[in-house]
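This report considers the aromatic ring pairs of one protein model and the surroundings of the rings involved. The sequence and structure are shown below.

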Amino acid sequence: LVVHLTSGAQPPAVTAAGTRRIERLVERARNCGVRLAFENMRASAHVCHVLDAFDCETVGLCYDSGHEYLWTPGVDHLAGYARRVAAVHLHDNDGTADAHLPPFRGSIDWRRTAARLAASAYGGAVTLEAEMPFGSSRDEVDAFLRQAYAHGRKLAGWLEQAAKGAL
């Protein structure tokens, strides 16, 4: 289950009350056999606090490439929590907006990102979080899906190469 701890440009500070709420959520998830993947958002302090406070199998990181590039470029979530990566939301942007473009359509360094992701414990699917304009025609949707799939396959190949040290 992917969880957003905050929303908006000005999230509230990390608090003891919030930590107690997360503790109840983690316990409930553990009892139900659910793994929680907390997504890196605008303020890395929140996700880092939760991952540090709850170092257990139930709690992991949902690594969002576009969010890190746009909002927290100085924080390397993949290095800091490499063994805790439980899910990924991979998308691109140009560093000015959370555009949710398919990989290779913005300015993220995908070779570097692939190498960093391959060095983590993540072994799941290449999950793209890509958007297209509302109201697109059927032909535009078909073209977008074909392109997103091709870009996802390319990135998956890069991840395989990086895992072998060949990227």
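Is Trp110 buried or exposed? In this predicted model, Trp110 is buried, because its relative accessible area is 3%, and buried residues are those under 20%.

A pair of aromatic rings is described by the distance of the centres and the angle of the planes. With ring centres required to lie within 6.5 Å, the count comes to two aromatic pairs, and these are set out in the table.

| Ring pair | Distance of centres | Angle of planes | Class |
|---|---|---|---|
| Phe104 and Trp110 | 6.1 Å | 55 degrees | tilted |
| Phe104 and Trp158 | 5.1 Å | 75 degrees | edge-to-face |

The pair of Phe104 and Trp158 is edge-to-face because its planes stand at 75 degrees, and angles over 60 degrees fall in that class. Phe104 lies in the loop between strand 4 (85–89) and helix 5 (110–118), while Trp158 belongs to helix 6 (residues 138–163), so this pair ties together parts that are 54 residues apart in sequence. Through their ring pairs, Phe104, Trp110 and Trp158 are linked into a cluster.

Methods. Residues numbered from 1 in each chain as written. Predicted model: local features only at pLDDT ≥ 70, side-chain atom pairs only at ≥ 80, totals over all residues. Heavy atoms only, no water. Phe/Tyr/Trp six-rings, centres within 6.5 Å; stacked < 30°, edge-to-face > 60°. Buried < 20%, exposed > 50% of the residue type's maximum accessible area, 1.4 Å probe, protein only. Helix = DSSP H or I, 4+ residues; strand = E, 2+ residues; numbered from the N terminus.
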